[in-house]
Amino acid sequence: MAGGAGFIGSNFVRLLRHTRPEVEITVLDKLTYAGNLANLAEFDGAPGYRFVHGDICDATLVDSLAAKVDAIVNFAAETHVDRSLMEPLAFIDTDMKGTAVLCESARKHSHKVFLLVSTDEVYGEVKEGRSREEDALKPRSPYSASKAGGEHIARAYAESFGLPLLVTRGSNTFGQYQYPEKLVPVLITNAIDDLPLPLYNDGSAVRDYVHVEDHCRAIDLVLYEAPLSEPVYNIGTGVETDGNHVAAAVLEIMRKPKSLIEYVADRPGHDYRYALDVGRITGLGWEPRIALAEGLERTVRWYVDHQDWWRPLKSGEYWEYYKRNYRPLVT
Ligand code: NAD
Ligand code: TYD
């Protein structure tokens, strides 16, 4: 498994250890700013679990590991849209070249399956209707374009070399162990400190927020049950929520005033709506179990109780990024 020290990857390791303890897991992770060994500390020394520090772009390393596993699940990526607007090339390296290196090793070693964890952002902004798996990919940010590039490379390996490929396109995921740069953990950790809650422009951009445990159960289902003849799965709740709603809900749970919300300058090229048709994954037997309100309650509690986890992350480089990213709204 690549990228297992990040947010969704580490939650996926936890799910697998509990539900499929017989499965041996090797995590390969570069430990970028978003990777964190603390996310996996509970598995240190556990039988059937191994951590390898390294880059998915390192073909020699990937090849040596791939020779010994049955399947590759790729969570590894540069993942934050705002950072992709500052450093696009890092996204192209990991999300495209890194994915290609994994595909090449998977091909060489005749794997049963290569599962690429992708995103609903590859469809681009969806002004109306809902994206279906066979829709064209029209990404608009360096992040989503790099993820779409990774998907295209993986599909080329499937078509050209028979690589057994599965792809999941998850929606906005939230929950425990999320690095505090995406919307939900920014709002929660800022609210804990009575700092302004930044919403781009007017806070009206729509997303589908899925809890990380639900997202991980869906990836598990696709990995173990999906037919290779139908390889791509949207994963989301089907519920549309805007930023204003998320911020208001967080503040209500925390009993903090709405005046903490601060509208800031918009993200360049901001996709104002994503919406998924989730018929295919629900047809496979999955449905979300954690509604947004309950998920936010649980997530607020987790960040309140785990300040030793996130406070060290919100230091030095983080605040430099933060200052560079958030600018006043000019009306
Ligand atoms: P994250 O940023 O929390 O973690 C990414 C992990 O990948 C980190 O541990 C990092 O160290 C590792 N990594 C980065 N570059 C690497 C490289 N070159 N080699 C090896 N490891 C490397 O990301 P996340 O939110 O957990 O997302 C995981 C996957 O799910 C990504 O592929 C992302 O595109 C996708 N996804 C995320 C969301 C979301 O809302 N977070 C939604 C849909 C899909
Ligand atoms: P984000 O969590 O960055 O995910 P996405 O990859 O979908 O953009 O942002 C979710 C939505 O919230 C998106 O419309 C941008 C918006 N947003 C804010 O308004 N303020 C913020 O501080 C952040 C990080 C995001």
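This is a predicted model: local features need pLDDT of at least 70, side-chain atom pairs count only at pLDDT 80 or more; totals for chains, interfaces and linings use all residues.

Q: Why is Thr241 called buried?
A: The word buried is kept for residues under 20% relative accessible area, and Thr241 has a relative accessible area of 8%, so Thr241 is called buried.

Q: Where does Thr241 lie, and which residues does Thr241 touch?
A: Thr241 belongs to strand E11, which covers residues 241-242. Leaving aside residues up to four places away in sequence, Thr241 touches Ala205, Val206, Arg207, Tyr209, Val246 and Leu292, where a contact means heavy atoms within 4.5 Å.

Q: How do you know that the buried residues of H2 line one face of the helix?
A: The buried residues in H2 are Val62, Asp63, Leu65 and Ala66. Seen down the axis of H2, these buried residues fall within an arc of 165 degrees, and therefore they line one face of the helix. In general, an α-helix has 3.6 residues a turn, so residues three or four places apart point the same way.

Q: What makes up the lining of the largest pocket, and which residues are the closest to its centre?
A: The largest pocket has a volume of about 730 Å³. It is lined by 30 residues, of which Glu24, Val69, Asp70, Ala71 and Ile72 are the closest to its centre. Among the elements that give two or more residues to this lining are helix H1 (7-19), helix H2 (59-66) and helix H7 (212-225), while E1 gives the most, with four residues.

Q: What lines the second largest pocket, and how do the residues of its lining divide?
A: The second largest pocket holds about 300 Å³ of space. Of its 18 lining residues, Arg155, Glu159, Leu165, Pro231 and Val232 are the closest to its centre. Helix H5 (142-161) and strand E5 (165-170) are the elements that give two or more residues to this lining, and the largest share, four residues, comes from H5. The lining of the second largest pocket divides into nine nonpolar, one polar and eight charged residues.

Notes: Residues are numbered from 1 along each chain as its sequence is written. Chains are lettered from A and ligands numbered from 1 in the order in which they are written. Side-chain values use heavy atoms; hydrogens and water are left out. On a 1 Å grid over the protein atoms alone, a cavity is a set of points where a 1.4 Å probe fits but cannot get out, and a pocket is an open set with protein on both sides within 12 Å along at least five of seven lines; lining residues have an atom within 4 Å of a point. Grid points are joined across faces, edges and corners, and a volume is the space filled by probe spheres set on the points. Ala, Val, Leu, Ile, Met, Phe, Trp, Tyr, Cys and Pro count as nonpolar, Asp, Glu, Lys and Arg as charged, and the others, Gly among them, as polar. Buried means under 20% relative accessible area, exposed over 50%, partly exposed in between (1.4 Å probe, protein chains only). The arc is that of the directions from the helix axis to the C-beta atoms.
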